[in-house]
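Q: I have a structure open and I'm new to it. Can we go through the side-chain contacts?

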Amino acid sequence: MSARADTITCPNVADKLPEIPAAAQAEVDRNLALLNTQIAEANKRLVTSAGEGGPNFVQNAILGPLADKRTATINRIATAIGRVAARPELQVEALSTCKLGGANATAAPAPEASASATPETSDAPAPEGTAQTITCPSVADKLPAIPAAAKAEVDRNLALLNTQIAEANKRLVTSAGEGGPNFVQNAILGPLADKRTATINRIATAIGRVAARPNLQVEALSTCKLSAASTAAAAETAGPSADDFIDIQAVSPVQQPKRVASSGTFVSKCGTDQEGHTNSDNVITAPGVSNGAQHLNNYVGNESTDAFSTNESLAAADTTCRISADQSTYFWPSLQVRTGGQSTSVLPSAVQLQFRGNATSRVTAAPRFLRLVTGDAMALTNSAADAPADTATDAPTDTPTDAPTDLPTDVPSDLPTDVPTDLPTDVPTDLPTDVATDVPTDAPTDAPADAPAASADNARPTWSCTGFTDRLTDKYPICPDGSAVVRILDMPSCWDGQNLDSADHRTHVVFPDENGACPSGTKAVPQLRMTLVYANVPNTQPEGTDVPFALDGVASQQQSPNTDHAGAIEVMSKQLMNTVVRCINSGRRC
């Protein structure tokens with residue numbers, strides 16, 4: 001860090017904790033490790049941003065966001081201990097506040113002590129400022145349907161492939177300038193290929209123990225290469241721009257079809273993330289990998305969710321939802337207001353989590369711990385040839401009018417901005433009982449061999465404005481005066497009846513077809529619609545690269561609006577899920 005004399009130092013948290021119960025140790029250790037990662041990332045940002053912004057840049061762009069992340073992490077530590085013992089009374093604000101050290105403070109701060117510290121792993125690309133990064137062929141989308149008996153081992157090895165790339169990219173940075181012209185090939189790419197070969201062979205062996213061994217092109221899949229990558233500054237210059245915006249009044253409205261088969265709705269009220277639960281993980285697509293999302297996510301619902309969450313930890317966690325039986329985790333990329341070249345993350349002013357029916361059939365209960373994803377975080381660079389698979393037959397094209405047709409005519413104006421704490425936690429019991437109760441609460445995670453054919457385009461238009469929500473676009477909307485920015489994130493809702501997840505995280509639950517019907521071999525479950533309203537986002541006209549707001553996203557995606565996406569893990573009690581189904585099938589609004 002010789003490029004800058006200052007370094008960021010933060011108060012130690014570990015030595016302020018009481019004795020940690022064994023049942024909480026693993027979660028506490030993970031969050032202590034995350035505190036170290038956050039400091040390291042902030043110090044990297046301090047170096048790569050040298051010379052940027054005005055006198056308050058470091059406070060606004062680095063120290064402030066770091067304090068927010070630390071607050072959320074320290075609160076998770078206290079919550080983890082509080083589940084099994086007395087919740088510690090920590091001075092969270094003081095512990096969250098970091099500062100710049102002097103010219104002599106060049107050493108990194110002492111790491112948080114831990115009895116069983118988790119090593120930092122990441123599948124992020126090379127750190128900002130690196131001119132090149134290592135890219136490798138995707139393996140997951142080359143696999144056949146994975147038998148349930150092999151799923152856990154396959155998932156571990158897929159995660160290991162990501163870790164190997166991350167470690168190689170770190171080595172690429174730390175070894176800059178070392179060796180001769182063949183150094184990178186001999187010292188980094190060659191060993192990486194050897195590791196990948198062994199890992200891919202283990203994946204094939206795991207499948208081959210219980211099914212036909214897949215015939216993978218191991219040599220091709222193991223060979224990685226250097227990609228010329230823009231520096232962080234160049235990436236910021238490349239986007240977003242005024243071309244990423246559209247006047248919402250120029251977007252054509254779509255005709256609203258009538259939903260008659262299961263026309264009811266159920267709303268779960270879980271707040272707006274006023275608790276500050278944020279991280280850069282994605283527990284669905286990158287489980288066990290810190291910074292797997294490579295951007296900041298906001299969460300509501302389950303209070304414990306991070307990269308290391310398990311079904312067991314989610315089931316044991318508290319929830320921000322008004323109904324305590326809803327411990328589901330709901331998350332989406334943070335939205336950032338951009339002023340003077342600086343970005344500040346903002347929370348939605350209102351969040352509606354609505355479960356809806358199907359146009360052509362009644363719905364059945366979804367299994368507990370079902371994983372759901374929508375959209376594509378890498379939409380800017382994914383092509384039809386190599387994009388992750390999706391089974392949506394109504395995937396949008398480049399024309400905004402190809403958006404899903406079943407849209408709200410407006411967003412309710414009375415959406416809650418907070419979560420009451422003194423409300424009853426039970427659910428209605430006087431609803432029809434015509435719902436199957438034999439839906440499994442757990443399920444294997446492999447996709448059936450006869451899963452519907454996949455489409456390459458996972459991106460979906462999500463953007464609109466209040467008063468214009470019958471119009472949906474894949475560009476950032478410019479809303480008229482008195483109208484607020486809206487994101488409408490629909491989850492797939494046709495479940496294969498067997499699996500909680502799949503190798504591509506999509507083939508186990510897919511979207512209905514253009515007529516609203518579920519494909520053969522799937523059954524309709526309640527469809528989750530996440531509606532986010534931002535009354536605090538400016539509607540100013542963009543000029544060039546001077547734009548009012550943008551998503552936080554993967555650096556290579558240039559904050560494209562088409563990369564909007566979201567995830568959810570449904571963790572409802574059986575009673576609550578059955579109540580959701582009854583409301584929807586009986587045409588009630590609950």
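Q: How far apart are Lys-151 and Asp-155 in helix H4?
A: Lys-151 and Asp-155 are four residues apart in helix H4 (residues 148–174), so about one helical turn separates them. Helices here are DSSP runs of H or I with at least four residues, strands are runs of E with at least two, and both are numbered from the N terminus.

Q: Before going on, what kind of model is this?
A: This is a predicted model, in which local features need pLDDT of at least 70 and side-chain atom pairs count only at pLDDT 80 or more, while totals for chains, interfaces and linings use all residues. Residues are numbered from 1 along each chain as its sequence is written, and side-chain values use heavy atoms, with hydrogens and water left out.

Q: OK. What do the side chains of Lys-151 and Asp-155 form?
A: They meet in a salt bridge, 3.0 Å from N to O. The term means a side-chain nitrogen of Lys or Arg within 4 Å of a carboxyl oxygen of Asp or Glu.

Q: Is Lys-151 buried or exposed?
A: Lys-151 counts as buried, at 3% relative accessibility. Asp-155 counts as partly exposed, at 31%. Buried means under 20% relative accessible area, exposed means over 50%, and partly exposed is in between, using a 1.4 Å probe and protein chains only.

Q: How many salt bridges does the structure hold?
A: Six. Another one of them is between Glu-153 and Arg-209, also at 3.0 Å from N to O. Glu-153 lies in helix H4 and Arg-209 in the loop between helix H5 (183–208) and helix H6 (218–222), so this pair ties together parts that are 56 residues apart in sequence.

Q: And how accessible is Glu-153?
A: Glu-153 is partly exposed at 23% relative accessibility, and Arg-209 is exposed at 57%.

Q: What does Asp-15 form a salt bridge with?
A: With Lys-16, the closest N and O atoms being 2.9 Å apart. Asp-15 is exposed, with a relative accessible area of 54%, and Lys-16 is partly exposed at 44%.

Q: Switching to disulfides. How many are there?
A: The structure holds six disulfides, a disulfide being a pair of cysteine sulfur atoms within 2.5 Å. With bonded cysteines counted along the chain, the pattern is 1-2, 3-4, 5-6, 7-8, 9-10, 11-12.

Q: Take Cys-136. What does a disulfide join Cys-136 to?
A: To Cys-224, with 2.1 Å from S to S. This pair links distant parts of the chain, 88 residues apart: Cys-136 is in the loop between strand S3 (132–135) and H4, and Cys-224 is in the loop between H6 and strand S4 (225–228). The link of Cys-136 and Cys-224 is right-handed, with 110 degrees about the S-S bond. Both cysteines are buried.

Q: Is the disulfide of Cys-270 and Cys-321 left-handed or right-handed?
A: The torsion about the S-S bond of Cys-270 and Cys-321 is about 95 degrees, so this disulfide is right-handed. Cys-270 lies in the loop between strand S6 (265–268) and strand S7 (278–279), and Cys-321 in the loop between helix H8 (311–316) and strand S9 (329–333), so the pair ties together parts that are 51 residues apart in sequence. The sulfur atoms of Cys-270 and Cys-321 are 2.0 Å apart. Cys-270 is buried, with a relative accessible area of 2%, and Cys-321 is buried at 5%.

Q: Why is the disulfide of Cys-494 and Cys-518 left-handed?
A: Because the torsion about the S-S bond of Cys-494 and Cys-518 is about -80 degrees. Their sulfur atoms are 2.1 Å apart. Cys-494 is buried, with a relative accessible area of 1%.

Q: Now the rings. How many aromatic pairs does the structure hold?
A: Six. In one of them, the rings of Tyr-299 and Phe-331 have their centres 5.3 Å apart and their planes at 35 degrees, so the pair is tilted. Tyr-299 is in strand S8 (residues 297–301) and Phe-331 in strand S9, 32 residues apart. Rings of Phe, Tyr and Trp (its six-membered ring) pair if their centres lie within 6.5 Å; planes under 30 degrees apart count as stacked, over 60 as edge-to-face and the rest as tilted.

Q: Are Tyr-299 and Phe-331 buried or exposed?
A: Tyr-299 and Phe-331 are both buried.

Q: Which residues do ring pairs link into a cluster?
A: Phe-245, Trp-463, Tyr-476 and Phe-549. Within it, Trp-463 is buried, as is Tyr-476.
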